[in-house]
Amino acid sequence: MDMTALQKQFIERHGESPEPVRFFFAPGRINLIGGHTDYTGGLVLPCAIRLGTMAAARRCEENHLALASFDDPFSCAVPLDPPPAPHGSAWVNYPLGVAQQFMRSGVTLPGLELLFSGDLPREAGLSSSASLEMATAVALNSMADAGLEMGELVRMARAAENDFVGLDCGIMDQFASGFGREGCALLLNCATLQHRQVALPLAGHRLVIADTKKLRGLAGSKYNERVEQCQEVELSLLGVLEAPSLSRLTPGRLEKNIDRIPTGTLRRRARHVVSENSRVMQAVQTLMDGDLPAFGALINASHDSLRDDYQVSCFELDTLVQAARDSEGVLGSRMMGGGFGGCTLTLVREDAAEAFITRAGEVYRKNTGLTAEFHPADTGDGAREIEQ
Ligand code: GLA
């Protein structure tokens, strides 16, 4: 990201001041495997990527947050007293929600001017929201000298999205944005928050993101519906589950108790979550063994389960995934993120990657009338201050 341009734009938006401008960055994420498991306390395997959100921040005398974006014309100045409430344009609610969390934790925020700029495609399943929240969180933490740990910033960023923005998301995206590390995937248990870095032995292979460019429309409400369905499954299994978490079931135990789950739809939802958790563990093993073909097969199985049992895919995602799988050198391909549009992730042999992009792009255009956008999925480090 061009820091000089951001600095120049900052002065244009907020004016000159003797106070220094500081820069913070938080990445988006890909998720190798572990789709729709986080909000039931399951396992996920995301990586932070190089694309993300920059926040430029400067103290000011007014007791407010002045928010502007390089990418969106809407800007506003919101007083800090009383604490901010949800506001007009969508994007400002992410930083405001995070500010509210800081204040609830007893941190006194100074008046600040902020300018955000991002290079993540928005609404594409690459966690542009979490990266905006985490960029805000690391910026506020430093500018207020709050000294909060990364785990706490992650928790507050997620709470901002749940309480302020209104999406019942799990903790994966904010966690990956905070704790990701270049060259690694992050194995996270979303119930205990235990995590460890797993090296990505991609030798001779590449991960490619393909954006369907399908507008996701009602994705938020369908996402919340899935969260509720998992809660219904958990209710029906009370007595079987010591703690009410679908993700604590093994596939064998689920099948033994499947009749307790009242409807076919809910049974499919449960089968996805439980089988996906075991695929995550198998995937970690394949990475440790350097067995990329087996890893690719698990990626494929994850997509099929999200499509058939969890039913969060769509024609566009399925078309792009199939076009990838039909391309030479592709080991696996799946949808990522909330679903109903957004991006796919494909593991492909390095020397076949360009041909795959051309071919899959053509097949996709022919079948859907849409032009997919391809991005390299290079891994990167988590949220931090950027020294100039
Ligand atoms: C979105 C949510 C995450 C997670 C994924 C699906 O990205 O923000 O918490 O549930 O969908 O795996």
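Strand 1, strand 3 and strand 13 (384–386) each contribute at least two residues to the lining of the second largest pocket, where helices (H or I, at least four residues) and strands (E, at least two) are DSSP runs numbered from the N terminus. The model is predicted, so local features need pLDDT of at least 70 and side-chain atom pairs count only at pLDDT 80 or more, while totals for chains, interfaces and linings use all residues. Residues are numbered from 1 along each chain as its sequence is written, and side-chain values use heavy atoms, with hydrogens and water left out.

**Second largest pocket**

- The largest share of this lining, 3 residues, comes from strand 3.
- The second largest pocket holds about 190 Å³ of space, a volume being the space filled by probe spheres set on grid points that are joined across faces, edges and corners.
- A pocket, on a 1 Å grid over the protein atoms alone, is an open set of points where a 1.4 Å probe fits, with protein on both sides within 12 Å along at least five of seven lines, and its lining residues have an atom within 4 Å of a point.
- By class, the lining of the second largest pocket has 7 nonpolar, 1 polar and 5 charged residues; Ala, Val, Leu, Ile, Met, Phe, Trp, Tyr, Cys and Pro count as nonpolar, Asp, Glu, Lys and Arg as charged, and the others, Gly among them, as polar.

**Largest pocket**

- About 1,000 Å³ of space lies in the largest pocket, and of the 47 residues that line it, Tyr94, Glu123, Ser128, Ser129 and Arg216 lie nearest its centre.
- Helix 3 gives the most to the lining of the largest pocket, with 5 residues.
- The lining of the largest pocket is made up of 16 nonpolar, 23 polar and 8 charged residues.

**Around the ligand**

- A backbone N or O atom of histidine 36 lies 2.8 Å from an oxygen atom of the ligand, and for glycine 170 a backbone N or O atom lies 3.0 Å from a ligand oxygen atom.
- In tyrosine 223, a polar side-chain atom lies 2.6 Å from an oxygen atom of the ligand.

**Cysteines**

- With a disulfide taken as a pair of cysteine sulfur atoms within 2.5 Å, the count comes to 0 disulfides.
- Cysteine 60 is in no disulfide, and the nearest cysteine sulfur, that of cysteine 76, is 13 Å away.
- The sulfur of cysteine 169 is 11 Å from the closest cysteine sulfur, in cysteine 190, which is too far for a bond.
- Cysteine 169 is buried (under 20% relative accessible area, with a 1.4 Å probe and protein chains only), at a relative accessible area of 5%.

Methods. Buried means under 20% relative accessible area, exposed over 50%, partly exposed in between (1.4 Å probe, protein chains only). A polar contact is a pair of N or O atoms within 3.5 Å; within protein, one must be able to donate a hydrogen and the other to accept it, and residues adjacent in sequence count only if both atoms are side-chain atoms.
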